Amino acid sequence: MKLRRFLGPTLVAAAVAMCGLLPAQTGPKKESGDTVSRPRKKASDETPAEKPPEAQGEKIPSKLQKKPGEKAEAGQPTFRSDTLTVNVDVAVLDNRGRFIPGIPAGNFRVLEDGVPQKVSGFTTGESPITLAMVIEFSNLYQQYWSYGWQETLTACYGFLQTLKPEDTVAVVAFDMRSEILSDFSTNRQDTYEAMARLRIPAFSESNLYDALTSVADRMSDIEGRKAILYIGSGMDTFSKITFDVTRRRLQTASVPIYALGTLQAMREYLDSHGYMGPIQRLDFLQADNQLRTFSKETGGQSWFPRFFGEYGGIFRQISEALRNTYSLSYQPTNTARDGKYRKIKVDLVDPRTDAPLKVTDEKGKPMKYTVVAKTGYQAPREVE
């Protein structure tokens with residue numbers, strides 16, 4: 001294909017050197033280590049085969065213990081918890097993508113399936129983040145020394161320089177399958193050693209759906225501010241699951257996805273010179289729409305830079321969106337545990353008139369703003 005030949009090796013050594021790339025030229029190892037946020041049990045923690053299990057004493061009898069098939073007697077206490085708390089991280093951004101601070105709790109209105117909810121918890125401020133960098137790195141568009149290879153590594157190394165020492169980062173790369181290059185750590189040496197393995201890609205597949213859902217599922221139980229930063233073309237070629245299944249699983253995991261779509265400049269150049277047909281053009285447009293959908297529905301954002309000069313502003317926006325948020329919590333009025341998807345909408349209103357809140361800048365002029373929050377969650381199912 002002309003497209004892949006055009007994206008072949010190019011001489012960009014000077015640009016790559018400015019990105020702080022390490023000189024290692026060995027390809028990524030394919031032996032995955034401990035999984036992100038769910039480490040495997042080490043052999044030292046297991047009971048040796050030669051050691052007999054310790055004898056357990058007889059359990060203390062209980063009057064409340066039921067035999068198999070026996071029903072609870074009348075008046076016997078039973079315990080059940082129907083309390084559900086929904087947490088929503090909200091970012092309010094102006095028309096330049098800057099975070100707007102200082103908005104009181106009374107100006108936030110949360111609707112679940114169109115029904116107003118009472119906000120029971122409200123916090124704001126800058127806090128450390130737990131971030132997983134999910135990087136597309138395959139022979140599809142990241143061939144060694146190609147434009148896509150250079151742009152991917154430029155974005156990765158550039159973003160890492162914006163992190164703070166207390167931030168926790170993991171690096172996951174994927175082609176045909178995802179591989180954890182480094183687990184969550186505040187040690188930047190671990191992160192840069194993981195990045196040094198991104199030199200020569202292996203397979204020519206890009207399984208975006210499998211990679212995103214795998215990382216999101218593993219991060220769903222992590223407490224505090226968390227997010228996924230995706231860097232890649234947005235293409236999916238060989239995943240085991242479909243787009244619809246991916247959407248549902250990402251909505252259930254409730255991990256915001258911040259997507260950085262690459263290859264924008266290269267695509268426009270090829271299109272303007274007649275190297276792209278209608279099918280290839282449609283594939284790229286679909287890839288962009290997928291990233292927009294994943295970001296919007298999980299409460300994140302998406303960017304599609306066409307010039308390297310845009311990266312600095314994008315990294316600043318990502319940093320502000322990740323750290324400066326309003327954390328809201330409420331107990332839904334709908335207590336049914338039916339496993340259905342419930343839509344969430346967060347608005348800014350004037351509590352006196354219930355009209356949309358008007359925000360002004362430092363000069364007193366009206367200012368447009370955007371409220372960024374996840375669009376819903378999956379209700380739990382009844383547990384018998």
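View 1. Thr 124 stands opposite Tyr 326 in S11, and Glu 126 stands opposite Asn 324 in S11. The model shown here and in the other views is predicted. Strand S4 and strand S11, the latter covering residues 324-330, pair in the antiparallel sense over 7 bridges. Strand S11 is mostly covered, 6 of its 7 residues being buried.

**View 2. The open sheet that contains S11.** Four strands form an open sheet in the order S4-S11-S1-S16, and their pairing is antiparallel. Strand S4 (119-126) and strand S16 (369-372) stand at the edges with a single partner strand each, so one side of each is left without a neighbour in the sheet. Between neighbouring strands of this sheet the turn is 25° on average, direction ignored. Strand S1, made of residues 86-94, pairs with S11 in the antiparallel sense over 5 bridges, and within S11 the bridge partner of Asn 87 is Ser 329.

**View 3. Helix H9 against the sheet.** S4 and S11, which pair over 7 bridges in the antiparallel sense, are both touched by helix H9 (residues 311-323), which packs on the sheet. The direction of H9 makes about 30° with that of S11.

**View 4. Helices H5 and H8.** The axes of helix H5 (residues 208-219) and helix H8 (residues 278-298) come within 13 Å and cross at roughly 15°. Because angles under 35 degrees count as roughly parallel, this crossing makes H5 roughly parallel to H8. The crossing of the two helices, H5 and H8, is right-handed. On the H5 side, Leu 208, Tyr 209 and Leu 212 meet Gln 290, Leu 291 and Phe 294 of H8. Sorted by class, the contact of H5 with H8 has 5 nonpolar residues, 1 polar residue and no charged residues.

View 5. Asn 207 has its place in the loop between helix H4 (188-195) and H5. With a relative accessible area of 4%, Asn 207 counts as buried, because that term applies under 20% relative accessible area. Leaving aside neighbours within four places in sequence, Asn 207 is in contact with Phe 174, Asp 175, Met 176 and Arg 177, as well as with Asp 236, Thr 237, Phe 238 and Ser 239. The C-alpha atoms of Asn 207 and Ile 241 are separated by 9.4 Å, although these residues lie 34 residues apart along the chain.

Note on methods: Residues numbered from 1 in each chain as written. Predicted model: local features only at pLDDT ≥ 70, side-chain atom pairs only at ≥ 80, totals over all residues. Heavy atoms only, no water. Pairing = 2+ DSSP bridges. Axes fitted to C-alpha atoms, helices over the stretch in contact; angles between N-to-C directions. Contact = heavy atoms within 4.5 Å. Parallel < 35°, antiparallel > 145°, perpendicular 65-115°, else oblique. Left-handed = near helix turned anticlockwise from the far one by under 90°. Nonpolar A, V, L, I, M, F, W, Y, C, P; charged D, E, K, R; others polar. Buried < 20%, exposed > 50% of the residue type's maximum accessible area, 1.4 Å probe, protein only.
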